[in-house]
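Subject: Structure for your review

Dear colleague,

Please find below the structure that I am handing over to you.

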Amino acid sequence: MATDVRPGPLRVLVFGAALRAGSTNARLASLVARLITEAGADADLATMRDFDMPLYDGDAEEAQGVPAGALALHERMEGADALVISSPEYNASVPGILKNAIDWVSRVQPQAFKTKHALLVSASPSLVGGNRGLWALRVPLEHLGTRVYPDMFSLARSYDGFTEDGSLADPGHQQRLTETVEAFLKLVEADTRYVCLQRRWYEFLGDRSDAPITHRAEV
């Protein structure tokens, strides 16, 4: 029996990776936060505007340190068991503001990404729902050691995708999103409460953890 079980509900940081106030990804993040709460976990809902930071500049980091916005995001991540990112797709890839935040936060020790599970969702007016951007987003997160949940959710034609109460207009989409969130939370609970998985594999060379590195093939 595990001896390091954390008390209380799971804590999940949820944020929409867009600045626009009317972003459908902000609406999707709010919906996911509601589903997390309904499943019995705690949702910490945030926006990218909560973590203002300049473009990454190594000279600025050396002269002034890591900016306050990056430190704030790192602190919120450290206080969570898992992450949910609702990200738009910009030119079939990751929004610059999100990639910039990942780059800054990766400079803070202890390296927060390697201890987290992440669920990726997206909303887009396009017919593919932002799915290409989520595949691109997996690359830096998995490189840093994040366990990115295999099943991603993409809402196409998002301008018509929500009801007035914030649910998804298509009942099938609503059911799939609910089931995805619930399954994700079960995996996070199994890992964080009962230690069903060994230390995460990662290849981030800037990490200075004293723990021995677990090879990718190990379980």
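The notes below go from the whole chain to selected contacts within it.

Please bear in mind that this is a predicted model.

The chain as a whole

The protein chain contains six helices and six strands. Along the sequence, these elements follow the pattern β-α-β-α-α-β-α-β-α-β-β-α. The chain has 219 residues, of which 46% count as buried. Its exposed surface comes to about 11,300 Å², and carbon and sulfur atoms supply 53% of that area. Among contacts with a separation of 6 or more, 77% are between residues 24 or more positions apart.

Two packed helices

Two packed helices are described by the angle between their axes and the distance between the axes. Helix 3 (residues 68-78) and helix 4 (residues 96-105) pack at an angle of about 80°, and their axes are 9 Å apart. Because angles of 65 to 115 degrees count as roughly perpendicular, helix 3 and helix 4 are described as roughly perpendicular to each other. Helix 3 contributes Ala70, Leu73, His74 and Met77 to the contact, while helix 4 contributes Ala101, Trp104 and Val105. Of the residues in this contact, six are nonpolar, one is polar and none is charged.

Aromatic pairs

A pair of aromatic rings is described by the distance of the centres and the angle of the planes. The count for this model is three aromatic pairs, and two of them are described here.

Phenylalanine 15 and phenylalanine 51 form an edge-to-face pair, with 6.4 Å from centre to centre and 75° between the planes. This pair links distant parts of the chain, 36 residues apart: phenylalanine 15 belongs to strand 1 (residues 11-16), and phenylalanine 51 lies in the loop between strand 2 (42-47) and helix 2 (58-64). Are these two residues buried or exposed? Phenylalanine 15 is buried, because its relative accessibility is 4%, and phenylalanine 51 is also buried, with a relative accessible area of 2%.

In the pair of tyrosine 149 and phenylalanine 184, the ring centres are 5.5 Å apart and the planes stand at 70°, so this pair is edge-to-face. It too links distant parts of the chain, 35 residues apart: tyrosine 149 is in the loop between strand 5 (147-148) and strand 6 (153-155), and phenylalanine 184 is in helix 6 (residues 171-194). Tyrosine 149 counts as buried at 14% relative accessibility, and phenylalanine 184 is buried with a relative accessible area of 1%.

Yours sincerely,
A colleague

How values were computed: Residues are numbered from 1 along each chain as its sequence is written. This is a predicted model: local features need pLDDT of at least 70, side-chain atom pairs count only at pLDDT 80 or more; totals for chains, interfaces and linings use all residues. Side-chain values use heavy atoms; hydrogens and water are left out. Rings of Phe, Tyr and Trp (its six-membered ring) pair if their centres lie within 6.5 Å; planes under 30 degrees apart count as stacked, over 60 as edge-to-face and the rest as tilted. Helices (H or I, at least four residues) and strands (E, at least two) are DSSP runs, numbered from the N terminus. Buried means under 20% relative accessible area, exposed over 50%, partly exposed in between (1.4 Å probe, protein chains only). Contact means heavy atoms within 4.5 Å. Accessible areas come from the Shrake-Rupley method with a 1.4 Å probe; for residues, only the protein chains shown count as cover. Axes are lines fitted to C-alpha atoms, for helices over the stretch in contact, and angles run from 0 to 180 degrees between N-to-C directions. Angles under 35 degrees count as roughly parallel, over 145 as roughly antiparallel, 65 to 115 as roughly perpendicular and the rest as oblique. Ala, Val, Leu, Ile, Met, Phe, Trp, Tyr, Cys and Pro count as nonpolar, Asp, Glu, Lys and Arg as charged, and the others, Gly among them, as polar.
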